[in-house]
Amino acid sequence: MSRTAVVAAGGTGGHLFPAQALAEALTARGWRVVLATDDRGARYASEFPAEERIALSAATYRPGDPVGMARAAAEVWRGVGQARRAFARLRPNVVVGFGGYPSLPALLAALSAGRRTVIHEQNAVLGRVNRLLAPRVNAVACAFPTLQLARPEVKARAQVVGIPVRPEIRALYEAAYEPPAPDGEIRVLITGGSQGARLLSELPPPAFAKLPEELRVRLSVQQQTRPEGMDQARNAYADALIKAEIAPFFRDMASRLREAHLVIGRSGAGTVCEFAVAGKPAILVPLAIALDDDQGQNARVMAEAGGAEIARENQLSVDSMAKALTTLLNNPERLVKMAAGARSIAKPDAAERLADLVEKTAARK
């Protein structure tokens, strides 16, 4: 008889993509996978390998907003009821949550029914939902050795597995980093995350335009840009005589990562781990408004390994980015060292590690 795992994730691609990688690993092992998510998560789940999907009610709230908190609690309670009814029919062997509010109803329903449970924390800081659930679930997996804001007993039993990445990203771990050839093309990839990033849409074009001409004529920039800023970015690059490809989203991210000499992006956990698996030197720009500075702590893990430079929003300007780019792009030896540093924190087999933990947890009596 096949085993059933409910994978609960949603909200953003940062939660859905590692959940998808786990689902693919479990499916290859003969598991039946069911996805529990909300409306927002469904937007990123078009290729999720689930035999069935459960739509759960979930909501977020702003700290200090009692009315919003009450509404969110009502939605979560409604989602718990939906999950309980689904679980009574599906009888899952294990429920795996990837953090974020869409995972909360599924995990609460599983805990109330005595079902086996696993949570995975992608960030170097334990998120609010996982902070609530961690003391009660059967197993805790995390991406980084650092797990700030976790209770000591949770830290003691947390297992570092990394973040599951898609197979096409996993394959990049085997490719050696090759720095730009002398006087050759320099390829820079700028990502904005699954929800876009205004700062990383608007700041790079004028920063690249300030580079010395001998660097500009060698550049090939691929940049994710918000739709409303695409024309402005194209014009800025064209005026600076820089070859550039601008798009709101790149679906072939693996091939673009493979070719990049330098990557620039936010420091969401999934982004940091993908850059690390690909072994790419990075400039990371943590989201300033991220709760508990989780993006800053993610970036710190990679920077301390020598794989990235951190550019804080309140210190970032066109001039400071231009200076950092000039320094890095004129120093291929440093890029090679940064690539090695990035790869040193990678766990390319994270999906298999997490699948092992899920199977072990499900088998416990």
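Strand β1 (residues 4–8) and strand β2 (residues 32–37) run parallel and are joined by 5 bridges. Strands and helices here are DSSP runs, E of at least two residues and H or I of at least four, numbered from the N terminus. Valine 7 stands opposite leucine 35 in β2. This is a predicted model, in which local features need pLDDT of at least 70 and side-chain atom pairs pLDDT 80 or more, while totals for chains, interfaces and linings use all residues. Residues are numbered from 1 along each chain as its sequence is written, and side-chain values use heavy atoms, without hydrogens and water.

β1 also runs parallel to β4, through 4 bridges; there valine 6 has valine 95 as its bridge partner. From β4, 4 bridges lead on to β5 (residues 116–121), again parallel, with valine 94 partnered by arginine 116.

Now the whole sheet. Its 7 strands are ordered β3-β2-β1-β4-β5-β6-β7, the sheet is open and the pairing is parallel; two strands count as paired if DSSP finds at least two bridges between them. β3 (52–55) and β7 (159–160) are the edge strands, each pairing on one side only.

What covers β4? Both faces of β4 (residues 94–97) are covered, with Val94 and Val96 buried on one side and Val95 and Gly97 buried on the other. Buried means under 20% relative accessible area, with a 1.4 Å probe and protein chains only. Helix α17 (residues 350–363) lies across β4, β5, β6 (139–142) and β7, at about 155° to β5. That angle is taken between N-to-C directions, on a scale from 0 to 180 degrees, using lines fitted to C-alpha atoms, for helices over the stretch in contact, where contact means heavy atoms within 4.5 Å.

Technical notes:
Buried means under 20% relative accessible area, exposed over 50%, partly exposed in between (1.4 Å probe, protein chains only).
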